[in-house]
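Here is a short report for a reader meeting this structure for the first time. Please look over the sequence and the model before reading on.

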Amino acid sequence: MTFQPSQKRFRAWDSINKKFAFVGFDILGETTVFGMCQQYELQHLVQLEITQFSGFSDDFAADIYEGDILSSFAKTETLNLLVKIENGCFVLYHRLGRWGTLERYQELTKEYEITKLKVIGNYYENPDLLK
């Protein structure tokens, strides 16, 4: 897993059309704002749910965003983890509750003998992966 501390990117989930409308944009970028306004009427911008890039990439170079579901391969089992933002930190949850922060992942890999971390989907398109 790699960390890119200066990367501030976002993506937007369209809750009506059930798809990501924009991925990897800077929320203050005027190009993005004009692009959103051209594609969505102003009153429909509320249907977009904005999620933030964590600054981390998985072991296969895929960016990790809030709402992503990660598969964590341990010695004895595979855990599916949901990425959320909680009190300014990216937090990992599994089906039984809070697992730890993304920032502490390196420590957790030693504790749980985890070998790989992979983005396998997201909460919006693949909620069944959390069951």
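## Overall fold

This is a predicted model. The protein has 131 residues, and 40% of them count as buried. There are 2 helices and 10 strands. From the N terminus on, these elements run β-β-β-α-β-β-β-β-β-β-α-β.

The accessible surface of the protein is about 7,900 Å². Carbon and sulfur atoms hold 52% of that surface.

## Nonpolar cores

The largest nonpolar core contains 13 residues. Ile64, Leu70, Leu81, Val83, Leu92, Trp99 and Leu102 have the most contacts inside it. Four elements are named as giving two or more residues to this core: strand E6 (68-74), E7, strand E8 (89-94) and strand E10 (114-122). E7 supplies the largest share, 3 residues.

A second core is separate and has 6 residues. Ala12, Ala21, Phe22 and Leu48 are among them.

## Largest pocket

The largest pocket holds about 190 Å³ of space. Its lining consists of Glu77, Thr78, Leu79, Asn80, His94, Arg95, Leu96, Leu129, Leu130 and Lys131. By type, the lining divides into 4 nonpolar, 3 polar and 3 charged residues.

Which strand gives the most to this lining? Strand E7 (residues 78-86) does, with 3 residues.

How values were computed
Residues numbered from 1 in each chain as written. Predicted model: local features only at pLDDT ≥ 70, side-chain atom pairs only at ≥ 80, totals over all residues. Heavy atoms only, no water. 1 Å grid on protein atoms, 1.4 Å probe; cavity = no way out; pocket = protein on both sides within 12 Å on 5 of 7 lines; lining within 4 Å. Points joined across faces, edges and corners; volume = space filled by probe spheres on them. Nonpolar A, V, L, I, M, F, W, Y, C, P; charged D, E, K, R; others polar. Core = buried A, V, L, I, M, F, W, Y, C linked by side-chain atoms within 4.5 Å. Buried < 20%, exposed > 50% of the residue type's maximum accessible area, 1.4 Å probe, protein only. Areas by Shrake-Rupley, 256 points an atom, 1.4 Å probe, with all protein chains shown as cover.
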